[in-house]
There are 2 protein chains.
Amino acid sequence: MSYNELFDKAEEAFKTYSKTTAAEKAKFLRAIATEVEQLGEKLLETASQESNLPLARLTGERGRTTGQLRLFASLLEEGTWVEATIDTALPDRTPLPRPDLRRMLIPLGPVVVFGASNFPLAFSTAGGDTASALAAGCTVVYKEHPGHPKTSQMVAKAIEKALQACELPEGVFQHVSGGIEAGQDLVKHPKAKAIAFTGSYKGGRAIFDLACQREQPIPVYAEMGSINPVFVLPAKAGSDAPKLAEQVAQSVLLGVGQFCTCPGLVFFPESETAESFLQTLSNKLAEAPAVAMLNDRICSNYHESLKHLAGRESVDRIITPDEDVLTAGAALAKTNVRQWVQDKALQEEIFGPYTLIVTYTSLEELELAASELQGQLTCTVWGEAEELAKAADLVAIIRDKCGRLLFEGVPTGVEVSYAMTHGGPFPATTDSRSTSVGTYAIKRFARPVTYQAAPQVLLPEELKDENSLHIWRTVNGQLTQESL
Amino acid sequence: MSYNELFDKAEEAFKTYSKTTAAEKAKFLRAIATEVEQLGEKLLETASQESNLPLARLTGERGRTTGQLRLFASLLEEGTWVEATIDTALPDRTPLPRPDLRRMLIPLGPVVVFGASNFPLAFSTAGGDTASALAAGCTVVYKEHPGHPKTSQMVAKAIEKALQACELPEGVFQHVSGGIEAGQDLVKHPKAKAIAFTGSYKGGRAIFDLACQREQPIPVYAEMGSINPVFVLPAKAGSDAPKLAEQVAQSVLLGVGQFCTCPGLVFFPESETAESFLQTLSNKLAEAPAVAMLNDRICSNYHESLKHLAGRESVDRIITPDEDVLTAGAALAKTNVRQWVQDKALQEEIFGPYTLIVTYTSLEELELAASELQGQLTCTVWGEAEELAKAADLVAIIRDKCGRLLFEGVPTGVEVSYAMTHGGPFPATTDSRSTSVGTYAIKRFARPVTYQAAPQVLLPEELKDENSLHIWRTVNGQLTQESL
């Protein structure tokens, strides 16, 4: 099928799908979750073979995948996400009467979703981008990631079964294989209305540039990773350095350092405990066995990046894994704030189990470093209660750099929930106004439309006088579940 | 002052301003409204001299300007717009506990606002873009429109007075003069975080392209106008053609056709009443005196566009005003759907008091025309109740083309309210997810951020356990005004 036929089909299906009720869409999302589960162990084994990720991790990832499909189903059933807003008519207002105005979010149309190498289930075929786009009422043209084609096709079949079970048109979800050129053609297609992508900066930026150059530009939600700095404040550093080191090590090693939220940068005070922190951290990282990454290209990029580090005077390499092999051992390097600020290259993400410790000597120095940061998915501040209470200035600087700001735990835990933001200022993503994880992700695929003086029969259920869906609506500026 | 100094100041002021409470920002917006009013008749006279718009119109526009400043103040005082969302911790959840997560919208940083020629007050210095950006907590670098520099500087002084009265830093609002190059430099400045613009397609697209090419791309909200089609259904056309013609004429002539929502295209059934519709419309338009437009360049562009029409076989010109003068008389042309669909040039906006009547012979033909439309700010459907009830397919097509869908009245009335959308798919705007009029406009200048396991003392008021602002918050998926 040519891409023109593909998008014609997606557009035609959109006419039907965008008219389905929220309940129908919710049923469809739940059906996908069930069909994915029914693929059984075979799915996990296939994904493991293709991605080198262990079964336990993939079992968790499947749970996240089906969980987020069901979370979006609940969101649709609850229904308030459309931001229904009604200004009632004021026929007697002077000098001019006010007409009846009713606004809600509607879906954008057919959208393109790219699979991610590092989450063959949760950020791929039936992953968060697909789930949120389908929840919004968009139809999806899905571009399989070449790293896990069999996994992708299995899940695509599951979605097709769900479509059949729900008597929805085939064009609601279409699965496409191919390389970079295929991806470019999808981005350039005039009928594509938005793009979702998770991957490298290079890939995300290229897609963004292409989408901007279209005759009709479209939104691009590219999540391009980040180095996820951790700021350890002095009292905290003094209290339990070995435990902090263990936490960092665990987070760095998670999924062979292939999480977008891997903490690749830790600011630690120059102090007595710095040595014990580094010692524990380097022990923990050195203990970890060298293992296969998602694919050989990613692994050789990892080694390549580490070799570049060796050439930089600004850093000391503390742990250097074997570099000409097809497995990745953990890596650790160290510098101080003054050198880090000078050498912009140290802000580039090294995708894999690597972290850089940056020592600082004062809060002023730490604030300087914070203000030099590029956009991040996450920033983490570890401090004792008293020092945190005094760190408002640092926190204000960091908040403007990231999508999520942690004060406990490690950034690699990404919750799929209402309040999650997995996004952040460029270059973490191409659109800081969005998240790719959690219910708020649905907003990426919708836009507002206002009905003026519309007859009841032409209004969507969400905007009719009778609030049959019992959603929360803003009527003349006040939230209410009442009918008009 | 260099642009670097200017943006340093804007960034420095952002640190203070983004920390002010909602109540403080509301007070500031109200102070601007008061200061604008205190400029008195002198402001209206100056604006009239510079824009050729009559005092009565400018009086109304001033009311809209101060009204929208106060509306945003109320929105801030109510406070729910930040979409505060809290997922409470689930420490006992298995296999992993859930951390406490709290999301809200925060301001983007310093933004650039461009003045509009056609609204020297309501879309310029203290207009909708400035008001919504300041309400969001952004600082504003405002680029004056060269069409009304004196008006702009008067209003800028009023804003400066309001800043002083509220003891806010000067850098919260800065006023810049200059031409195209100055505008480009502002768009390219690394510290600018978003752009708002109202004007021509050419200008908006150029700004969008520049912003995309930045090392760090930023959102561009360019409202570039549209032709605002009106679809007259057969029974409605049969019932009161002369009255409909009068409505169209009035809307076309409003502000010498210089409203972004001027109805430049009317689909009318080929019928017995088509003649009387055209007759009344042409009489009304011909009666209107030729008057000065906003400036001579706009006027000569108008005449130029009309001359191009004369060269097209696809249209008949019915009213052709004097074309080599510095005033604009109204213009009217006519074609049919088949010719209109063929000739894409007829979808280009002619900025001024002009409209094109397109006759159709069947609902299928009308749906075909609708599906050929580019993105629009507004679409209007006029029909009798019975035929409207059967027009769901047409309405579905049109809804996907516009930001506002009217069933009564004319598109030129743009209400500043909660439910308004003044936006629409490209090329009406560069970002269909936004509106530049109404309270929803504030969302353009904000992005979500999530706090994870944050101590109460570091949380913004909106996210603390105690809901001291009494805003509506989504707690574990449920809207509530309760404290935790």
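Predicted model: local features only at pLDDT ≥ 70, side-chain atom pairs only at ≥ 80, totals over all residues.
Residues are numbered from 1 along each chain as written, and chains are lettered from A in the order written. Local features need pLDDT of at least 70, side-chain atom pairs count only at pLDDT 80 or more, and side-chain values use heavy atoms, without hydrogens or water.

Stop 1: Rings of Phe, Tyr and Trp (its six-membered ring) pair if their centres lie within 6.5 Å; planes under 30 degrees apart count as stacked, over 60 as edge-to-face and the rest as tilted. Over all chains, that gives 21 aromatic pairs. Select Tyr17(B) and Phe28(B). They pair edge-to-face, 6.0 Å centre to centre, with 80° between the planes. Tyr17(B) is in helix H1 (residues 3–17) of chain B and Phe28(B) in helix H2 (residues 22–38) of chain B, so the pair ties together parts eleven residues apart in sequence. Helices here are DSSP runs of H or I, at least four residues, numbered from the N terminus. Both Tyr17(B) and Phe28(B) are buried (under 20% relative accessible area, 1.4 Å probe, protein chains only).

**Stop 2: a stacked pair.** Go to Phe268(B) and Phe277(B). Their ring centres are 4.0 Å apart and their planes at 20°, so this pair is stacked. Phe268(B) is buried at 1% relative accessible area. Phe277(B) is buried too, at 0%.

**Stop 3: a cluster.** Switch to chain A. Select Phe119(A), Phe123(A) and Phe259(A): they make one aromatic cluster.

**Stop 4: charges over rings.** The test is NZ of Lys or CZ of Arg within 6 Å of the ring centre and within 35 degrees of the ring normal. Select Arg444(A): its charged end sits over the ring of Tyr221(A), 5.6 Å from the centre. Finish at Arg64(B), whose charged end sits over the ring of Phe119(B), 5.3 Å from the centre.

Technical notes
Helix = DSSP H or I, 4+ residues; strand = E, 2+ residues; numbered from the N terminus. Buried < 20%, exposed > 50% of the residue type's maximum accessible area, 1.4 Å probe, protein only.
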